[in-house]
Amino acid sequence: MTTTKYPPAFHLLAKPSGATCNLDCAYCFFLSKEMLYPGSRFRMADELLEAYIRQLIEAHQTPVVQVAWQGGEPTLMGLPFFERSLQLVERYRKPGMQIEYTIQTNGTLIDDDWAAFFKRHNFLVGVSIDGPQALHDAYRVDKGGQPTFDRVMRGLRFLQAHGVEYNTLTTLHRANADRPVEVYRFLRDECRSNFIQFIPIIERVPASAHDRSDLDVQRVTPGQVSTAAWSSWRDRPLYTQAGDLVTDRSIQPEQYGDFLIGVFEEWVRRDVGSVYVQMFDVALANWVGEPPGLCVHAETCGLALALEHNGDLYACDHFVEPAYRLGNILETPMIELVASPQQKKFGQDKFATLPRYCRECDVRFACHGGCPKDRFIHTPDGEPGLNYLCAGFKRFFHHVDAPMRTMAGLLRQGRAPAEIMRHYQERDRRLAAAFAVAGRNDPCPCGSGKKFKQCHGRH
Ligand code: SF4
Ligand code: SF4
């Protein structure tokens, strides 16, 4: 194998149970994907498991390979499946090669045995949890519509008891998006998560939903249709990459920006260096000028693919749709599909299709237009292809510009970004002193330009 034609490494999420899951989260875009494979049992066969592990290892030119499991719910495959995967890794592992195992789970099936297994084999376990009980249970329910919070926390306790390395993934939606500090403190203090990932929920709806007289479709706010109408729409399309409206369950762009700002303001005062919030780390990397490590805010993408239970390889986890099926690894070697012109174009298009509004944006270096799956609105001058979250991105990236510059400067001097916490603490002390003596009609000492009584002196 020549080495120049192929990427030395890539990320692949394998879905051994396809889209099947023991839960029925209201916003899950994967559940409808079961329809992609009618009649399937949704179980990765042993023959495919072996082909997958062998090809993944062969395709990598790096000393470290990540074996990443996802779903649906991958633990539905049962422990013996994962035991077999480990045996196969040992069979094909190249000398000196290090394998990192990750698994993304809803956590509800994790027990003593699973936790012991994860610990024994150094799995990094990603647990999906949306915040404290009421916020989590708003949408994360099981097939019977029952809440799942207690089961997730139980799974988490097993991981903690066994000393398993884990992180948390929190989706942001109508129920939790206005509660940044509450959600963040819960993840930090109750879940004891020191690697936190937030994913905005954006459920697209075709505009034609408005024309259905038999449905209770209504405009909730401009650009939104009601979730009830969307859920009851019998002809709900199979795939989510269509439509220029979103359900009211979806996060609003500005709400997303404000959520990140709310978390940032807490994090930057006490948790820099001890709690890793993916979005902040990604932003800092872009401010420093290093690869951000997250495709969404990288210039191009295309090296994060998804493997279905039957060997079909797709361009991305968010594009498991016929048009983005690259082929099947039982018919074409995985590396050929990863390096195919179709996949290269998919990755390059992230940059090539940016509207002019993005190309001229002052925070493009940090944003890069976000994920193409969310680019379905128009720019102010009418060009299509702007990211739905643009207003939120702008708000957040502008807000963190000064502290990011400070942290990037600290890094360049070989100092720890955590030093910024001292600046914030000193500033907070100074402000508190100024607030204490400010008159109601004085300019607010925070510098907002408003009167004190209309700003920090409101209460
Ligand atoms: S389409 Fe979006 S999620 Fe997929 S690789 Fe590109 S940026 Fe990442
Ligand atoms: S903030 Fe908006 S305009 Fe700027 S690069 Fe991101 S999506 Fe484009």
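# Close-up views of a predicted model

**Figure 1. Strand β2 pairs with strand β3.** In strand β3, Glu-100 is the bridge partner of Gln-66. The model is a predicted one, in which local features need pLDDT of at least 70 and side-chain atom pairs count only at pLDDT 80 or more, while totals for chains, interfaces and linings use all residues. Residues are numbered from 1 along each chain as its sequence is written, chains are lettered from A and ligands numbered from 1 in the order in which they are written, and side-chain values use heavy atoms, with hydrogens and water left out. Strands β2 and β3 run parallel and are joined by six bridges; two strands are said to pair if DSSP finds at least two bridges between them. Helices (H or I, at least four residues) and strands (E, at least two) are DSSP runs, numbered from the N terminus. Strand β3 covers residues 98–105 and is mostly covered, with six of its eight residues buried. Here buried means under 20% relative accessible area, exposed means over 50%, and partly exposed lies in between (1.4 Å probe, protein chains only).

**Figure 2. Strand β1 pairs with β11 and is joined to β2.** Strand β1 consists of residues 11–14, and strand β11 of residues 304–307. These two strands pair in the parallel sense over four bridges. Strand β2, formed by residues 64–69, also runs parallel to β1, and two bridges join them.

**Figure 3. Ten strands form an open sheet with mixed pairing.** The order of the strands is β10-β6-β5-β4-β3-β2-β1-β11-β12-β13. The edges are β10 (276–277) and β13 (325–328), each of which pairs on one side only. Strands of a sheet pair through backbone hydrogen bonds, either parallel or antiparallel. Strand β12, residues 312–314, runs antiparallel to β13, and three bridges join the two. Within this pairing, Asn-328 of β13 stands opposite Asp-312.

**Figure 4. Ten residues are shown around ligand 1: Cys-295, Val-296, Cys-301, Cys-316, His-318, Phe-319, Phe-346, Lys-350, Cys-371 and Pro-372.** A residue is near a molecule or strand if one of its heavy atoms lies within 4 Å of it. This shell divides into eight nonpolar residues, one polar and one charged. Ala, Val, Leu, Ile, Met, Phe, Trp, Tyr, Cys and Pro count as nonpolar, Asp, Glu, Lys and Arg as charged, and the others, Gly among them, as polar.

**Figure 5. Phe-42 and Arg-192 each have a positive phi.** Phi of Phe-42, a residue other than glycine, is near 55°. Phe-42 is placed in the loop between β1 and α1 (46–59), and Phe-42 counts as buried because its relative accessibility is 9%. For Arg-192, likewise not a glycine, phi is near 50°. Arg-192 belongs to the loop between α6 (180–190) and β6 (195–200), and its relative accessible area of 52% makes Arg-192 exposed.

**Figure 6. Gly-71 and Gly-72 are joined by a cis peptide bond.** The omega angle of this bond is about 10°. Gly-72 is found in the loop between β2 and α2 (79–92).

**Figure 7. Gly-144 is an exposed loop residue.** Gly-144 lies between α4 (133–137) and α5 (149–162). Gly-144 counts as exposed because its relative accessibility is 57%. The C-alpha atoms of Gly-144 and Asp-24 are separated by 8.2 Å, although these residues are 120 residues apart along the chain.

**Figure 8. Gln-255 lies in helix α8.** This helix comprises residues 253–270. At 15% relative accessibility, Gln-255 counts as buried. When neighbours within four places in sequence are left aside, Gln-255 is in contact (heavy atoms within 4.5 Å) with Ala-177 and Asp-178.

**Figure 9. The whole chain is shown as context for the close-up views.** The chain has 16 helices and 15 strands. Its radius of gyration is 23 Å, close to the 23 Å that the globule rule gives for 459 residues, so the chain is as compact as a globular protein of that length. This radius is taken over C-alpha atoms, and the rule is 2.2 Å times the number of residues to the power 0.38. Of the 459 residues, 53% are buried. Among contacts with a separation of 6 or more, 68% involve residues 24 or more positions apart.
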